[in-house]
Amino acid sequence: MSKSCKGLALELVKCLSESNCIKIENRPYKECAGEKSPAIPSECVGLRETYFNCKRGQVDMRARIRGNKGY
């Protein structure tokens, strides 16, 4: 279960690396991941929300019994 969100994390990093926040402004990934929609594309915002829900599912006891939904 610890690797069930790995695919989402890689997709999020790939999406952020193609955004203007990283390419033009040369800001760190952590700073760009916390930005609102105008600074990063809407696809990255969707991936960020999905990744957050995946990580939250890892600590939710109900999901731990059933297993986290994989990517």
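1. S19 is buried, with a relative accessible area of 1%. The model is a predicted one, and every value below is computed from it. A residue counts as buried when its relative accessible area is under 20%, so S19, at 1%, belongs in that class. In the chain, S19 sits in the loop between α1 (6-17) and α2 (20-23).

2. What does the side chain of S19 reach? It reaches the backbone oxygen of L16, at 2.7 Å. If neighbours within four places in sequence are left aside, S19 is in contact with I40 and P41.

3. Next, the overall layout. The chain has five helices and zero strands. Read along the sequence, the pattern is α-α-α-α-α. Of its 71 residues, 27% count as buried. The accessible surface comes to about 5,200 Å², and carbon and sulfur atoms hold 56% of that surface. Among contacts with a separation of 6 or more, 54% are between residues 24 or more positions apart.

4. Helix α1 has 12 residues. From its first C-alpha to its last it reaches 17 Å, close to the 16 Å expected at 1.5 Å a residue. Which residues of α1 are buried? They are L8, L12, C15 and L16. Seen down the axis of α1, these buried residues fall within an arc of 95°, so they line one face of the helix. K6 and L10, on the other side of α1, are exposed.

5. Not counting residues up to four places away in sequence, L16 touches I22, Y29, C32, A33, I40 and C44.

6. The largest nonpolar core has 13 residues. Which of them touch the most other members? The answer is L16, C32, I40, C44 and L47. Helices α1, α2 and α4 are the elements that give two or more residues to this core. As a general point, nonpolar side chains tend to be buried together in soluble globular proteins.

7. Helix α4 has 18 residues, which should span 26 Å at 1.5 Å a residue. Its end C-alpha atoms are 27 Å apart, which agrees with that expectation. The buried residues in α4 are C44, V45, L47, C54, G57 and Q58. C44 and L47 have already been named in the core.

8. R56 is also in helix α4. Is R56 buried or partly exposed? R56 has a relative accessible area of 46%, and is therefore partly exposed. The side chain of R56 makes a polar contact with the side chain of N53, at 2.7 Å.

9. C5 lies in the segment before α1. At 3% relative accessibility, C5 counts as buried. C5 and Y51 are 46 residues apart along the chain, yet their C-alpha atoms are separated by 6.7 Å.

10. Two loop residues remain. N26 lies in the loop between α2 and α3. Although N26 is not a glycine, it has a positive phi of about 55°. Residues over 50% relative accessible area count as exposed, so N26, at 63%, is exposed.

11. G34 is found in the loop between α3 and α4. With a relative accessible area of 58%, G34 is exposed. G34 and V45 are 11 residues apart along the chain, and their C-alpha atoms are separated by 9.2 Å. V45, in α4, is buried.

Key: Residues are numbered from 1 along each chain as its sequence is written. This is a predicted model: local features need pLDDT of at least 70, side-chain atom pairs count only at pLDDT 80 or more; totals for chains, interfaces and linings use all residues. Side-chain values use heavy atoms; hydrogens and water are left out. Helices (H or I, at least four residues) and strands (E, at least two) are DSSP runs, numbered from the N terminus. Buried means under 20% relative accessible area, exposed over 50%, partly exposed in between (1.4 Å probe, protein chains only). A polar contact is a pair of N or O atoms within 3.5 Å; within protein, one must be able to donate a hydrogen and the other to accept it, and residues adjacent in sequence count only if both atoms are side-chain atoms. Contact means heavy atoms within 4.5 Å. The expected span of a helix is 1.5 Å times one less than its number of residues. The arc is that of the directions from the helix axis to the C-beta atoms. A nonpolar core is a set of buried Ala, Val, Leu, Ile, Met, Phe, Trp, Tyr and Cys residues joined through side-chain atoms within 4.5 Å. Accessible areas come from the Shrake-Rupley method with a 1.4 Å probe; for residues, only the protein chains shown count as cover.
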